[in-house]
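The sequence and the structure come ahead of the text.

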Amino acid sequence: TKALPYQKEIQLLIDQHQYAKAADRLLSVQYAMADADFMKLGVWFYDTVNDVPEAQLEAGGYSKAAIVAGLKQLAELRES
């Protein structure tokens, strides 16, 4: 499958354990792409970081709670 816009860049941040930066980057591109693509990118991102152990997430400035909050925002976006 073809990578979504910004996916490689965000994947690189995840690979570098810069989870908070990756999340900020995700949110910063929301209006730079089609809603459907942003939804896919968001789902992929939260799915990917959800597999990361919590201690590792926290070391990267992120948390499971932030994932839950992000998914909630995505769900609200989908409904609007």
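Although Y6 is not a glycine, its phi is positive, at about 70°.

H17 is also not a glycine and has a positive phi, of about 60°. H17 belongs to the loop between α1 and α2. With a relative accessible area of 40%, H17 is partly exposed.

## Basis of the model

The model is predicted: local features need pLDDT of at least 70, side-chain atom pairs count only at pLDDT 80 or more, and totals for chains, interfaces and linings use all residues. Residues are numbered from 1 along each chain as its sequence is written, and side-chain values use heavy atoms, with hydrogens and water left out.

## Overall fold

The protein chain contains five helices and zero strands. Read from the N terminus, the order of elements is α-α-α-α-α. Along the principal axes, the C-alpha atoms fill a box of roughly 35 × 25 × 20 Å.

The radius of gyration of the protein chain is 12 Å, which agrees with the value near 12 Å for a compact globule of 80 residues. That radius is taken over C-alpha atoms, and the globule rule is 2.2 Å times the number of residues to the power 0.38.

## Burial, surface and contacts

Of the 80 residues in the protein chain, 35% are buried. The accessible surface is about 5000 Å², with 54% of it belonging to carbon and sulfur atoms; areas come from the Shrake-Rupley method with a 1.4 Å probe, and for residues only the protein chains shown count as cover.

Contact means heavy atoms within 4.5 Å. Among contacts between residues at least 6 apart in sequence, 56% join residues at least 24 apart.

Q7 lies in helix α1, residues 7-15. Q7 counts as buried because its relative accessibility is 16%. Apart from neighbours within four places in sequence, Q7 is in contact with L41 and W44.

## Charges and salt bridges

The protein chain carries 8 positive and 11 negative side chains, and the centres of the two sets are 5 Å apart. Lys and Arg count as positive and Asp and Glu as negative, while His and the chain ends are not counted. Each charge is placed at NZ of Lys, CZ of Arg, CG of Asp or CD of Glu.

Side chains of opposite charge can pair when their charged atoms come close. A salt bridge is a side-chain nitrogen of Lys or Arg within 4 Å of a carboxyl oxygen of Asp or Glu, and the count by this rule is two. R25 pairs with E9, and their closest N and O atoms are 2.5 Å apart. This pair links distant parts of the chain, with R25 in helix α2 (residues 19-28) and E9 in helix α1, 16 residues apart. R25 is partly exposed at 27% relative accessible area, and E9 is partly exposed at 34%.

K40 and D37 also form a salt bridge, at 4.0 Å from N to O. The two are three residues apart in helix α3 (residues 35-50), so about one helical turn separates them. D37 is partly exposed, with a relative accessible area of 23%.

Methods
Helices (H or I, at least four residues) and strands (E, at least two) are DSSP runs, numbered from the N terminus. Buried means under 20% relative accessible area, exposed over 50%, partly exposed in between (1.4 Å probe, protein chains only).
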